[in-house]
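Student: I have not looked at this structure before. Please take me through some of its contacts by question and answer.

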Amino acid sequence: MIKPFPFHSDLRDYFKKQDKTWSWFSEEKVKVEQQEAYKTDLLKNSYRIDTQTEPKVYEILQVAKDKLGIIIPITIYQSQTMDSNNAGVVFFEKEAHIILSGTILKLLNDDELLVLFGHELSHILLFNLENGDFEITNRIINTIASDSNSELFYYETARLYQLYTELFCDLGALKASGSLETTIETLVKLNTGLEKVSAKSYLKQADEILERIEKGSDGETHPENFIRAKSLEIFQNNNANFYSRTEKIISGQIDLHQLNLFTKKLVFDNTKELISIVLKPKWTQSEYCNALYKQYFSNSDRKNDVVINDAFKLKIENSRKNLKEYYTYVMLDFALCDPELKEAFIGHILDISEQLGLEDHMKTILKKELNLTEKTYKSFTQNCTATLNTILQSDLENTY
């Protein structure tokens with residue numbers, strides 16, 4: 001049994017806590033007249049493929065249904081528009097419709113068509129799991145994300161939910177097919193239009209790409225093919241670590257400009273922990289610094305038990321350049337807020353930066369913001385470190 005990704009479950013759990021929202025969306029169903037209007041449009045704009053004219057196609061569809069435990073009746077259509085090779089599924093409570101576009105029926109052989117049907121049917125499978133929770137979650141996040149007044153992190157959350165949905169459906173395709181090679185070759189064929197491709201060669205290409213990039217998927221509705229292929233290979237060969245490894249590939253390092261519902265909270269918590277580390281020595285807790293802390297977190301006190309441990313270092317390390325620069329600027333904000341503590345405070349954040357692997361970012365930002373040359377930077381930071389050492393060796397330290 002293939003399982004939803006943790007991202008699916010986490011988002012479902014988040015919205016289930018919003019009682020009124022969850023209740024409204026779970027009770028909202030597609031009305032009969034809406035279903036009939038959709039089917040009318042489908043008949044107008046596509047060709048319905050009958051079991052009598054294409055019995056082999058429906059035999060393959062039935063194999064996929066049996067493999068995935070799908071029992072509702074399904075009708076296949078060929079779009080009349082000259083779109084690229086693609087397929088989609090629309091399903092209601094008691095029926096579903098698969099719409100093919102392009103030259104799929106010519107391009108794919110029987111085994112590859114089984115992969116395609118396995119993928120599309122897996123949308124039905126996911127959205128019927130756990131009393132339809134994941135379909136409800138899908139409607140909630142997409143409704144919020146499509147509102148022009150919503151914050152961007154909702155859009156990013158909806159995007160990731162869709163990407164993980166497609167990866168789940170790729171697993172369904174693999175389950176229906178039983179062949180990793182055929183599943184990957186089908187994906188590549190559909191996206192390139194080539195009649196002959198090699199899964200082995202494409203997996204090598206995927207590895208080359210992943211070695212060159214740090215960022216995760218840029219896909220709007222589907223992950224890039226190299227990510228989909230690698231995800232399938234990981235599932236086949238290293239099932240125990242599949243979800244953690246695949247999520248790392250999809251998400252990449254945390255990007256300050258692409259936060260989602262969960263990473264937004266993570267950055268908030270990291271910021272609070274970082275500032276608590278910065279303000280842990282008593283000599284840093286001046287009136288100016290305490291006032292600045294209240295500007296950051298007006299309704300919460302500093303954490304007193306914070307330490308720079310491996311777990312916190314890993315959180316900072318798993319950040320893209322723009323987020324590391326953000327953390328560096330946060331520290332500098334406090335270092336410059338009290339003129340009397342400036343030099344010692346800069347020595348203090350230089351030390352913290354080194355422990356967190358942010359020393360290069362701190363050097364660049366200090367030179368930029370304080371108009372320092374390479375030569376003046378060296379002498380300036382030496383003075384700051386000396387001033388800090390004077391405090392550390394005096395009775396003023398009384399650190400914790």
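This is a predicted model: local features need pLDDT of at least 70, side-chain atom pairs count only at pLDDT 80 or more; totals for chains, interfaces and linings use all residues.

Tutor: Residues are numbered from 1 along each chain as its sequence is written, and side-chain values use heavy atoms, with hydrogens and water left out.

Student: How many salt bridges does a search of the whole structure find?

Tutor: Side chains of opposite charge can pair when their charged atoms come close. A salt bridge here is a side-chain nitrogen of Lys or Arg within 4 Å of a carboxyl oxygen of Asp or Glu. Searching the whole structure on that basis gives 20 salt bridges.

Student: Which residue forms a salt bridge with Glu130, and how many residues apart in sequence are the parts that the pair ties together?

Tutor: The partner of Glu130 is Arg12, with the closest N and O atoms 2.6 Å apart. Glu130 is in the loop between helix 6 (110–128) and helix 7 (133–145), and Arg12 is in helix 1 (residues 6–16), so the pair ties together parts separated in sequence by 118 residues. Helices (H or I, at least four residues) are DSSP runs, numbered from the N terminus. The partner is Arg12, and the parts are 118 residues apart.

Student: Is Arg12 buried or exposed?

Tutor: Buried means under 20% relative accessible area, exposed over 50%, and partly exposed in between (1.4 Å probe, protein chains only). The relative accessible area of Arg12 is 9%, so Arg12 is buried.

Student: Which residues are linked with Arg12 in a network of salt bridges?

Tutor: Glu130 forms a salt bridge with Arg12, and Arg12 forms one with Asp133. The network that holds Arg12 links it with Asp13, Lys16, Glu130 and Asp133.

Student: What covers the buried residues of helix 1?

Tutor: The buried residues of helix 1 are Phe7, His8, Ser9, Leu11, Arg12 and Phe15. Contact means heavy atoms within 4.5 Å. The cover includes helix 2 (19–27), helix 6, helix 7, helix 8 (152–177), helix 12 (242–251) and helix 13 (261–278).

Student: Why are Glu36 and Lys39 separated by about one helical turn?

Tutor: Glu36 forms a salt bridge with Lys39, the closest N and O atoms being 3.1 Å apart. An α-helix has 3.6 residues a turn, so residues three or four places apart point the same way. Glu36 and Lys39 are about one helical turn from each other because, in helix 3 (residues 32–45), they are 3 residues apart.

Student: What is phi of Asn371, and is the residue buried or exposed?

Tutor: Asn371 is in the loop between helix 18 (359–369) and helix 19 (374–392). Its relative accessible area is 68%, so Asn371 is exposed. Phi of Asn371 is a positive value in a residue other than glycine, near 55°.

Student: At what angle do helix 16 and helix 17 pack?

Tutor: Axes are lines fitted to C-alpha atoms, for helices over the stretch in contact, and angles run from 0 to 180 degrees between N-to-C directions. Angles over 145 degrees count as roughly antiparallel, and helix 16 and helix 17 are therefore roughly antiparallel to each other. The axes of helix 16 (residues 321–335) and helix 17 (residues 342–356) are 9 Å apart, and the packing angle is about 160°.

Student: Which residues of helix 16 meet helix 14?

Tutor: The axes of helix 14 (residues 287–296) and helix 16 come within 9 Å and cross at roughly 145°. On the helix 14 side are Cys289, Leu292, Tyr293 and Tyr296. On the helix 16 side are Val330, Asp333 and Phe334.

Student: With which residues is Thr271 in contact, leaving aside its neighbours within four places in sequence?

Tutor: Thr271 lies in helix 13. Thr271 counts as buried because its relative accessibility is 3%. With those neighbours left aside, Thr271 is in contact with Tyr296, Phe297, Tyr326, Tyr327 and Val330.

Definitions and conventions: Helices (H or I, at least four residues) and strands (E, at least two) are DSSP runs, numbered from the N terminus. Angles under 35 degrees count as roughly parallel, over 145 as roughly antiparallel, 65 to 115 as roughly perpendicular and the rest as oblique.
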